[in-house]
Amino acid sequence: MQDSRVFPGFAKHQVALLDSLYSEPGQGVDWAGFLARMVEATGSRSARMLLTNARADRVISSIKLNIDDSEHQRYVDYYVNTCPWRLELAEKPKGQLYSSYLDFRCRQPEFYRTEFFNDWARDQDIHHGICGTVFSQGASKVQLLVQRTRGQGHYTRAEVEQVNQFLPHVRQALRLEQIHADMQGRANASVMASEARPMPFLLLDQQGKLVYVSPRCEPLLRQPDMGCHKGQLKFREPAVQQRFQAAFDRVLCAGQSLVAREQLVHIRRDRRVSFSCFLSPIYPAFNDAALWAGTAYVAVHIYDPEQVMAVDHNCLMQLFALTESEARVAGDIALGLDPQMIALRDGRSAHTVRAQLKAVFTKMRCNRQNQLAALVLQSPAVRWR
């Protein structure tokens, strides 16, 4: 006879469950609170949400409840791939949970003989569970696992169905959170790349897709040697494309370790000066409590000698309280001229230029020309054309 037991208080907990998913739009879901309410509503021992790779054999990030930190780490490092339900779960339709007692080929007596149970689950009194892939997008999956002790008994078909009826809300919350995380990640990575170098740049995701192009970089993508095709950065010469792809792979494979190094690719142009691409990894910061871990991006800063830099003298005057003549001297020094060259160009005496430079030093609180140049070049007064 089919067991028709249901969770007697599940309907009462649904409002609290919904609040944990939707109460703070744009602020991220309170997944720890959601898991706590799910455990309470289903009379369970513990619960986890795992963000995994597409094969679900590597945990990228996780939220857990009532699982010891060290035991959870052992699970993430090894026992996730010894779970007797993992391979079969990959074959089951996504979007719902399944009972470990009722829906898997590994029956309970066999489960009690597995390495997973004897070396990991038994000491924590985990005997039964419901689990499933509740969300899948691109190279990522999200799995929800809720567990019971031996004394709490297995989940009935009616109980599993009761939880499954609530899962559309979970999927929608995950979908909205992923969109928000992607937008936040791109914005953070773009800001970090813009602050790394005062150069035109573009941002690539881990699949090499263009996710941001700085305004100064847009004209560079319209030249014959480099452009955008189907969302990917493409070069005219196959040899250059291969060198760029190899550099891109090295940047990503280095990971967030000390061995992560910038890669440089030179691009030659017919009868024109060559330009260079500097590839570097970008790791935008994320909330540690978020399920969606920060993904790595690759910033490509482009040095093109044909791009001409200019200095906005009016901006310098406003920034540092300079006179017009002082601003011109400061801008010329930043562009590589010395006082003698400025005097000869303008038909003034070198003494006059040096006096203006001394006034500039005082107002800009520096005492060397290289310090002055750095202040100007790092300021909003720099313009490119």
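## A walk through the fold and its salt bridges

The protein has 14 helices and 14 strands; here helices (H or I, at least four residues) and strands (E, at least two) are DSSP runs, numbered from the N terminus. Its radius of gyration is 30 Å, well over the 21 Å that the globule rule gives for 385 residues, so the protein is more spread out than a compact globule. That radius is taken over C-alpha atoms, and the globule rule is 2.2 Å times the number of residues to the power 0.38. Along the principal axes, the C-alpha atoms fill a box of roughly 105 × 45 × 35 Å.

A word on what you are looking at: this is a predicted model, in which local features need pLDDT of at least 70 and side-chain atom pairs count only at pLDDT 80 or more, while totals for chains, interfaces and linings use all residues. Residues are numbered from 1 along each chain as its sequence is written, and side-chain values use heavy atoms, with hydrogens and water left out.

Now let us look inside. Of the 385 residues, 47% are buried, where buried means under 20% relative accessible area, exposed over 50%, and partly exposed in between (1.4 Å probe, protein chains only). Among contacts with a separation of 6 or more, 59% are between residues 24 or more positions apart; a contact means heavy atoms within 4.5 Å.

Next come the salt bridges, and the count is 20. Each is a side-chain nitrogen of Lys or Arg within 4 Å of a carboxyl oxygen of Asp or Glu. Start with Arg-105 and Glu-88, whose side chains meet at 3.8 Å, N to O. This pair links distant parts of the chain, 17 residues apart: Arg-105 sits in the loop between strand 3 (98–99) and helix 5 (108–111), and Glu-88 in helix 4 (residues 86–91). Arg-105 counts as exposed, at 57% relative accessibility, whereas Glu-88 counts as buried at 9%.

Arg-236 lies in the loop between strand 9 (232–235) and helix 9 (238–253), and Asp-225 in the loop between strand 7 (210–213) and strand 8 (226–229), so the pair ties together parts that are eleven residues apart in sequence. Arg-236 is partly exposed at 40% relative accessibility, while Asp-225 is buried at 6%. Arg-236 also forms a salt bridge with Glu-237, with the closest N and O atoms 3.7 Å apart; Glu-237 is partly exposed, at 41%.
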